[in-house]
Amino acid sequence: MATFWWCVLGLLTCGYFALAGYDYGVGMLLPGFEAGERRRRQTLGALGPFFLANEVWLVAAVGLLFGAFPHLEDKVFAGAYVLVVTLLLGLVTFTASMQLRSRRPDARRGAWTAGIVGGALVTALSWGLFLGNLVLGLPLSPDGAPTVLALFGPYAVLWGLGFVALFCLQGAAFLAVRAPAELTGRAVRLARAFSAPVFGFLVIAAGWGFWALDDVSGLGVVVAAVAFAAFAVTRIGLAVRRYRVALAGSMVLSACPALLAGTVRFPAVLVSSHYTLTVDQAATAPETFAVLAWFAPPAVLVLLVVQWLTWRGHRHPVDQRSLLHF
């Protein structure tokens, strides 16, 4: 039962990264498309109908984590509270700036634009640092307290910078699909430019992890292979101008780090310098799982349907007739 709910949590978490990754990528790339206020609004308008729906996946994942795996939630948040705080600050800044930037037509928008770019950058860095520490193992002192400086070790910093490049690649692929036709060329060039650092991140992180990690599961090796395959699909899609294929490849690629964090040592789901927590040890009581079984499946189904309808209703690129709310 615990393994089943771990898979559901993985679905929600991977869905969040696959979808919200291009939110933060577009936010970080916004200065690269600043050719006037109209262009900025078209760039944000391409993202506008999606970004709140994408964030709901994170809310659902955190809710399931609290309900199904309370012992994991306790140790993860306590061990990496600094990164959790910076992550929340980035998320709040990005979301608030997106919604408030164009609220008043006559308002100055420079500060809100900076909030979008800065919030997206902080969020991407924080997620990379957070997942990098989960993969390598949370650094804790002998008494179980978090060691703040150790959270910013070389391997975690590699993941932080890699996530910035990864989300920028995904954001550029998204804009190649959804941005106005006159911005497609710029989006494709940016996607190709970020391909090199993303590939470097994949190679270094995989090689480093191979030598640094013990007891890597077969699932972890499969996820690493899927990441390289998704990167190849993204590059091929860009090369042959099949930008929807490139976007799909980049979405799978952005989901792979979170999937790796959950499978690299499975059934161990959390490793630190002083203890290991398995999926069964992290799980809640069977009675709570029985309650979750009544609510989680309909909620996930609604989430999937709403996401599909959102994409269905906004599958065409932004043009001069598009209503821009952002």
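Colleague: Where is the place of Val-148?

Modeller: Val-148 is in the loop between helix 5 (110-136) and helix 6 (154-178). Helices here are DSSP runs of H or I, at least four residues, numbered from the N terminus. This is a predicted model: local features need pLDDT of at least 70, side-chain atom pairs need 80 or more, and totals for chains, interfaces and linings use all residues. Residues are numbered from 1 along each chain as its sequence is written, and side-chain values use heavy atoms, without hydrogens or water.

Colleague: Is Val-148 buried, partly exposed or exposed?

Modeller: Buried means under 20% relative accessible area, exposed over 50%, partly exposed in between (1.4 Å probe, protein chains only). Val-148 has 31%, so it counts as partly exposed.

Colleague: Which residues of helix 8 are buried?

Modeller: In an α-helix, with 3.6 residues a turn, residues three or four places apart point the same way. In helix 8, the buried ones are Gly-220, Val-223, Ala-227, Ala-230, Phe-231, Thr-234, Gly-237 and Leu-238. They fall within an arc of 130° seen down the axis, so they line one face. The arc uses directions from the helix axis to the C-beta atoms. Their cover includes helix 6, helix 7 (181-212) and helix 9 (243-263).

Colleague: What does the face turned away from that buried side carry?

Modeller: It carries the exposed residues Gly-218, Val-221, Ile-236 and Ala-239. Just after helix 8, Arg-241 takes a positive phi of about 65°.

Colleague: Which residues is Glu-55 in contact with?

Modeller: Contact means heavy atoms within 4.5 Å. Glu-55 sits in helix 2 (residues 37-68). Glu-55 is buried, at 12% relative accessible area. Leaving aside neighbours within four places in sequence, Glu-55 touches Tyr-16, Ala-20, Asp-23, Tyr-24 and Leu-91.

Technical notes
Helix = DSSP H or I, 4+ residues; strand = E, 2+ residues; numbered from the N terminus.
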